[in-house]
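Thanks for coming, everyone. I'd like to walk you through one chain today, so please have a look at the screen.

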Amino acid sequence: MPVPVPTLQVALPVPLPRLFDYLPPPGIAAAEVAVGQRVRVPFGSRELCGVVLGHGEAAPGVELRAALALPDPAPLLHGELLASLRWLAGYLHAPVGEVLATALPAALRRGEPLPDTTRHGWVLSEAGRTALPGLRAGKPRALAEQLVDPRDEDWLDATLPGWRAPLRRLRERGLVARIVLPDAPAPAPRTAAFSPNPEQQAAIAAITAAQGFTPFLLEGVTGSGKTEVYLQAIAACLARGRQALVLVPEIGLTPQMLARFRDRLGVSVLALHSGLGDGERAAAWLAAARGQARVIVGTRSAVFVPLPEPGLVVVDEEHDGSYKQFDGIRYQARDFALVRARALGVPVVLGSATPSLESLHNAQAGRYVHLRLRQRAGAAQPPPVRVVDVRKRPLQAGLSPQALEAIASALAAGGQVLVFRNRRGYAPVLLCHDCGWSAHCPRCSSEERPMPMTVHAQGKRLQCHHCGYRKPAPPACPDCASLALQPQGNGTERIEEALQARFADVPVLRIDRGSTGHRDALQRHFDALGTRPGILVGTQMLAKGHDLPNLTLVVVVGIDEGLFSADFRSGEKLAQLLVQVSGRAGRAARAGEVLVQTHHPEHPLLQTLLRGGYPAFAQAELALREAAGLPPFAHMALLRAEARHAEPPQQFLQAARQALQGFALEVAGPLPAPMPRRAGHVRAQLVLCANARAPLHVALQAVMPVLYALPEARRVRWSLDVDPADL
Ligand code: ADP
Ligand code: ZN
Ligand code: ZN
């Protein structure tokens with residue numbers, strides 16, 4: 001009887017919901033290959049790197065290709081992390097190979113060999129010790145004198161810049177030897193902990209006493225000392241010999257924040273963020289996997305680091321939108337952090353001054369332990385908020401006379417001012433005053449929905465904020481040739497220009513994605529300003545991050561669009577933004593003030609927020625969501641489709657709708673997407689809504705294979721978004 005052939009089942013980074021069978025690489029038996037090992041395989045005419053997820057058998061005679069090689073001797077993904085990632089693939093109904101590829105740092109995903117995370121150093125050899133007294137004065141001798149003791153390469157970089165050239169000379173003569181050093185000795189903590197106030201103390205005690213998986217919602221007003229609570233809970237976790245993972249929003253991970261962790265904790269604190277190179281990311285991931293990194297502080301994708309000795313997971317600013325990935329594998333890092341903490345059996349702390357309604361709902365339902373910090377730590381006082389009614393008031397670059405007066409007096413008193421406007425560029429629209437023509441993006445506009453292009457560079461350039469398309473601004477109206485082209489409305493650039501003209505004797509700095517691409521650039525801006533009186537103008541990049549002890553006035557301009565948006569989450573986002581921005585004022589000893597300009601001072605959102613703060617707003621909003629059957633009282637998924645022409649997305653979504661019939665969920669659509677056209681593609685969507693998670697997942701489980709097989713699927717780009725952040 002013919003014998004079946006043992007095979008490897010491999011997850012590959014391709015958009016197909018299945019594993020692929022391969023013979024093991026030549027000379028290796030399938031049984032010798034472990035689940036979780038990386039494997040390089042031929043795929044069509046390409047070569048891909050995948051992960052072995054199982055063993056199978058092929059009937060004799062079936063033609064299978066053989067894998068090419070195994071980059072590592074042991075599994076790279078295993079235990080809790082591999083299990084959690086497989087769970088995530090199931091939850092998102094996404095191909096497991098793509099989920100695993102998303103979780104791995106790019107260099108490892110491409111199949112590159114593991115980077116070396118051992119520390120190397122140099123020391124004089126026997127010959128070197130003998131030769132040292134006879135060496136001529138000069139750089140090699142100066143280096144040799146240092147290498148009487150073993151020295152770490154990082155230490156040499158810091159202490160003797162340019163040491164590599166003299167080292168080569170010593171090495172050629174056999175006077176030095178390269179050595180492997182033991183793990184870095186813990187740097188001594190340089191700052192002491194504050195003695196916590198009673199609320200902080202209660203929070204620290206609860207987190208530290210938690211046994212096993214325990215989710216906490218730490219709701220604390222800005223400046224209430226949440227970070228201090230994290231630091232002391234992490235210190236207790238480290239003292240038990242455990243690792244801590246801290247997730248922070250994209251704009252929250254400042255050098256200042258990292259320095260605070262490093263100075264306090266006395267262990268190696270590893271940063272993981274998009275600013276690192278591929279090699280650095282891979283090395284950081286591996287340092288966590290090997291237990292060398294004791295504290296990992298990172299943005300969204302840091303939720304995928306292996307934690308062999310887990311003790312605590314923290315998600316700072318858990319409401320922040322940057323935790324949701326918006327393309328590819330659309331995971332929510334906060335939610336996945338909870339899944340991992342459960343699997344790891346450790347406490348998880350979600351911290352925020354403005355918790356998401358999802359987390360508040362979970363806390364109120366008793367699923368999370370609700371910890372509160374109601375007061376600002378230390379001497380700081382919460383700033384009073386004043387709503388400025390700008391109806392019928394003369395505005396200068398969008399600023400009211402009251403705002404300009406308040407800015408002048410704050411500066412005169414030696415304070416700093418933050419002017420917040422969530423619109424980059426010079427002006428949102430370029431309009432012809434004679435005929436009404438306005439500039440629209442040719443790639444994103446449709447007949448029903450023209451998309452204005454933003455004016456940049458004082459009116460010289462037009463740019464689409466949705467697809468990135470740019471062009472020079474026309475010198476005259478393309479329709480009527482009039483020269484009366486006027487930028488309408490105010491972006492951060494124009495506000496900056498107006499403030500520079502008016503307050504010429506102080507620095508005016510603009511902070512937005514246009515002016516401040518890199519996180520270090522942000523730091524340089526703040527450093528340049530120092531504690532002098534001055535004005536910062538910016539978008540939500542300013543809402544969180546750097547502590548500005550001298551900031552005494554916050555002016556919020558142009559929030560009215562957010563009051564009337566179609567997205568059911570826009571109210572929540574606006575309330576969070578207002579509270580977060582306001583929280584930047586009066587962080588330290590100097591008292592602060594907040595001015596909010598609006599044409600709708602009586603709007604319920606503003607009124608509730610003003611009278612009862614974020615908790616009152618959240619209660620009112622939760623009641624509305626419950627009445628409307630919206631998340632967190634319902635569970636949603638979004639099926640998106642786009643193509644160059646309108647019909648294929650319609651046809652695909654119609655077919656999907658058919659397939660979803662008979663399941664216990666509401667299906668709405670096909671509807672045009674919020675941006676019905678973008679970068680030349682027509683976009684539509686189907687909204688799936690159920691009153692519980694289970695029926696939604698039962699339906700998706702059954703229908704996804706059908707969708708992949710639909711002939712209509714081949715003519716569109718489609719994707720599923722479980723728990724979408726925007727509709
Ligand atoms: P949050 O993270 O809630 O915004 P932080 O932890 O950054 O607050 O604390 C705000 C400020 O108060 C920081 O400057 C911090 O050093 C200080 N602080 C925190 N806890 C205490 C305390 N118990 N006593 C005195 N100052 C504190
Ligand atoms: Zn015109
Ligand atoms: Zn565009």
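Glu496 lies in helix 15, residues 492-502. Helices here are DSSP runs of H or I with at least four residues, strands are runs of E with at least two, and both are numbered from the N terminus.

What does Glu496 contact, leaving aside its neighbours within four places in sequence? The partners are Val508, Arg510 and Val537, where contact means that the C-beta atoms, placed from the backbone, lie within 7 Å. Take the pair Glu496 and Arg510: they are 14 residues apart in sequence, and their C-alpha atoms are 6.5 Å apart in space.

Before going on, some housekeeping. This is a predicted model, in which local features need pLDDT of at least 70 and side-chain atom pairs count only at pLDDT 80 or more, while totals for chains, interfaces and linings use all residues. Residues are numbered from 1 along each chain as its sequence is written, and chains are lettered from A and ligands numbered from 1 in the order in which they are written.

Now let's zoom out to the whole chain. It is divided into domain 1 (5-110), domain 2 (120-180), domain 3 (198-373), domain 4 (385-426 + 489-624) and domain 5 (635-722); those bounds come from an automatic or database domain assignment. Between the C-alpha centres of domain 2 and domain 3 there are 42 Å.

In secondary structure, the chain has 21 helices and 29 strands. Its radius of gyration is 29 Å, close to the 27 Å that the globule rule gives for 727 residues, so the chain is as compact as a globular protein of that length. That radius is taken over C-alpha atoms, and the rule is 2.2 Å times the number of residues to the power 0.38. Along the principal axes, the C-alpha atoms fill a box of roughly 85 × 75 × 60 Å. Of the 727 residues, 43% are buried. And if you take contacts between residues at least 6 apart in sequence, 77% of them join residues at least 24 apart.

Next stop, helix 8. This helix covers residues 198-209, twelve in number, and reaches 16 Å from its first C-alpha to its last, close to the expected 16 Å; the expectation is 1.5 Å times one less than the number of residues. Which residues of helix 8 are buried? They are Gln200, Ala203, Ile204 and Ile207. These four cover an arc of only 95° around the axis, which puts them on the same side of helix 8; the arc is that of the directions from the helix axis to the C-beta atoms. Pro198 and Ala209, on the other side, are exposed. The buried residues pack against strand 8 (215-220), helix 9 (226-239), strand 13 (348-352) and strand 14 (369-373).

Now for the cysteines. An unreviewed UniProt entry annotates a "binding site" at Cys432, Cys435, Cys477 and Cys480. These four are spread over 49 residues of sequence but cluster in space, with a largest C-alpha distance of 8.7 Å. The UniProt positions are in the numbering used here, feature names are shortened, and annotations may be inferred rather than shown by experiment.

Cys432 is in strand 17, residues 429-432, and counts as buried with 21 C-beta neighbours inside 10 Å. Cys435 sits in the loop between strand 17 and strand 18 (454-456), and with 13 such neighbours counts as partly exposed. Beyond four places in sequence, the contacts of Cys435 are Cys477, Asp479, Cys480 and Ser482.

The unreviewed UniProt entry also places a "binding site" at Cys441, Cys444, Cys464 and Cys467. They span 27 residues in sequence, yet no two of their C-alpha atoms are more than 8.7 Å apart, so they gather at one spot.

Is Cys444 buried or exposed? Cys444 is buried, with 23 other C-beta atoms within 10 Å, and its contacts beyond four places in sequence include Cys464, Cys467 and Met675. Cys467, in the loop between strand 19 (461-463) and strand 20 (470-472), is partly exposed with 18 C-beta neighbours inside 10 Å.

Key: A residue is buried if 20 or more other C-beta atoms lie within 10 Å of its own, exposed if 12 or fewer, and partly exposed in between; C-beta atoms are placed from the backbone. Two residues are in contact if their C-beta atoms, placed from the backbone, lie within 7 Å.
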